[in-house]
Amino acid sequence: MKSRVELSIVIPVYNEAESLPDLHAELTAALSKLGRPYEIIAVDDGSRDESWEALKRLAAQDPHLWAIRFRRNFGQTAAFAAGFDAARGDIVITLDADGQNDPADIPLLLDKMAQGYDIVSGWRQDRQEPFLLRRLPSIVANWLIGQTTDVRLHDYGCSLKAYRGEVIKNVRLYGELHRFIPALASWMGVRIAELRVNDRKRLHGKSKSGISRTFRVLFDLLTVIFLLNYSARPMQLFGRLGLASSGMGALIGLYLVAFRLFYGGSLLDKPSLWLAVLLVIAGAQFVSLGLIAEMITRTYHEAQGKPIYAVRERVEGRV
């Protein structure tokens with residue numbers, strides 16, 4: 001029978017063979033001082049170097065280390081999701097495998113969580129990255145995410161985060177939504193805190209992300225906005241778009257009717273006539289799309305048994 005675990009450390013790994021031994025040593029030193037049962041779950045996301053061999057060697061020496069290997073590179077979000085599915089801890093902590101996150105900050109995250117928070121997100125100080133290519137796009141993206149999701153964090157991109165197990169188990173990840181976990185979890189009414197953490201220079205390998213990540217973040221943000229606001233009521237979005245489109249078409253149509261009746265002008269050469277027809281048709285399509293989305297949503301929730309609410313505490317009756 002497996003022993004009880006309080007802390008689960010989830011680490012996505014992709015071509016980080018050189019960083020793994022040092023990271024494992026630092027993690028072991030930091031976690032051993034806590035005196036709390038823990039496990040380390042490393043997910044090899046289809047690495048092309050010796051990362052899997054390094055993980056197997058470390059796992060042979062450390063019974064706390066669990067390693068999962070993907071058949072191919074599925075992406076960081078999939079690696080996090082696999083780690084969350086395997087995690088048994090009451091608290092799940094995530095960090096990168098490149099050594100830039102400092103394991104010595106883990107006790108600080110736990111102290112902050114002990115104050116009643118459900119998620120504690122790291123906020124990297126003195127980031128060791130180029131300003132124009134990495135830090136400036138990050139500043140803009142963090143501001144935009146905060147404004148649109150109403151979950152305002154200074155550093156969504158920091159992988160060093162702590163989650164309560166019952167929270168992270170109820171967040172479904174796909175695509176590249178791992179950086180939006182605090183926002184996705186906000187529908188449950190979670191308490192989120194931010195903590196200043198150390199950011200270290202990468203010693204081995206090279207970064208896996210570039211300027212293209214900024215555009216992916218923007219596209220993913222649209223998905224998050226929809227999931228947070230309309231995933232359970234898509235008609236509210238598509239219905240409004242349909243009414244707006246049809247309303248504009250109807251107003252243009254009324255104007256054209258008045259023009260024809262009172263001024264006797266011809267409508268055959270008016271592009272606005274075709275615009276009015278197009279807007280009315282588009283409005284009807286939006287409403288139809290909303291109805292289809294409503295049926296898909298009902299099927300999704302009922303087939304998976306996915307709740308539309310989240311319970312923070314429960315007091316059982318004594319009768």
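Mentor: The protein chain averages a pLDDT of 85, and 87% of the residues score at least 70.

Trainee: Where in the protein chain is confidence lowest, and where is it highest?

Mentor: Confidence is lowest in helix α8, residues 212–230, with a mean of 74. Strand β4, residues 91–94, has the highest, at 97.

Trainee: What makes residues 315–319 a stretch to treat with care?

Mentor: The pLDDT there is below 50. The scale runs from 0 to 100. Beyond near neighbours in sequence, residues 315–319 have zero contacts in the model. Where pLDDT is low, the predicted coordinates should not be read in detail.

Trainee: How many helices and strands does the protein chain have?

Mentor: The protein chain has 10 helices and seven strands. Of its 319 residues, 41% count as buried.

Trainee: Why is Ser-51 called buried?

Mentor: Buried means under 20% relative accessible area. Ser-51 has 0% relative accessibility, so Ser-51 counts as buried. Ser-51 is found in helix α2, residues 51–61.

Trainee: What does the side chain of Ser-51 reach?

Mentor: That side chain reaches the backbone nitrogen of Ala-17 at 3.2 Å. A polar contact needs a pair of N or O atoms within 3.5 Å.

Trainee: Which residues does Ser-51 touch, leaving out those up to four places away in sequence?

Mentor: Ser-51 touches Val-13, Asn-15, Glu-16, Ala-17, Leu-20 and Asp-44. Contact here means heavy atoms within 4.5 Å.

Note on methods: Residues are numbered from 1 along each chain as its sequence is written. This is a predicted model: local features need pLDDT of at least 70, side-chain atom pairs count only at pLDDT 80 or more; totals for chains, interfaces and linings use all residues. Side-chain values use heavy atoms; hydrogens and water are left out. pLDDT is the predictor's confidence in each residue, from 0 to 100. Helices (H or I, at least four residues) and strands (E, at least two) are DSSP runs, numbered from the N terminus. Buried means under 20% relative accessible area, exposed over 50%, partly exposed in between (1.4 Å probe, protein chains only). A polar contact is a pair of N or O atoms within 3.5 Å; within protein, one must be able to donate a hydrogen and the other to accept it, and residues adjacent in sequence count only if both atoms are side-chain atoms.
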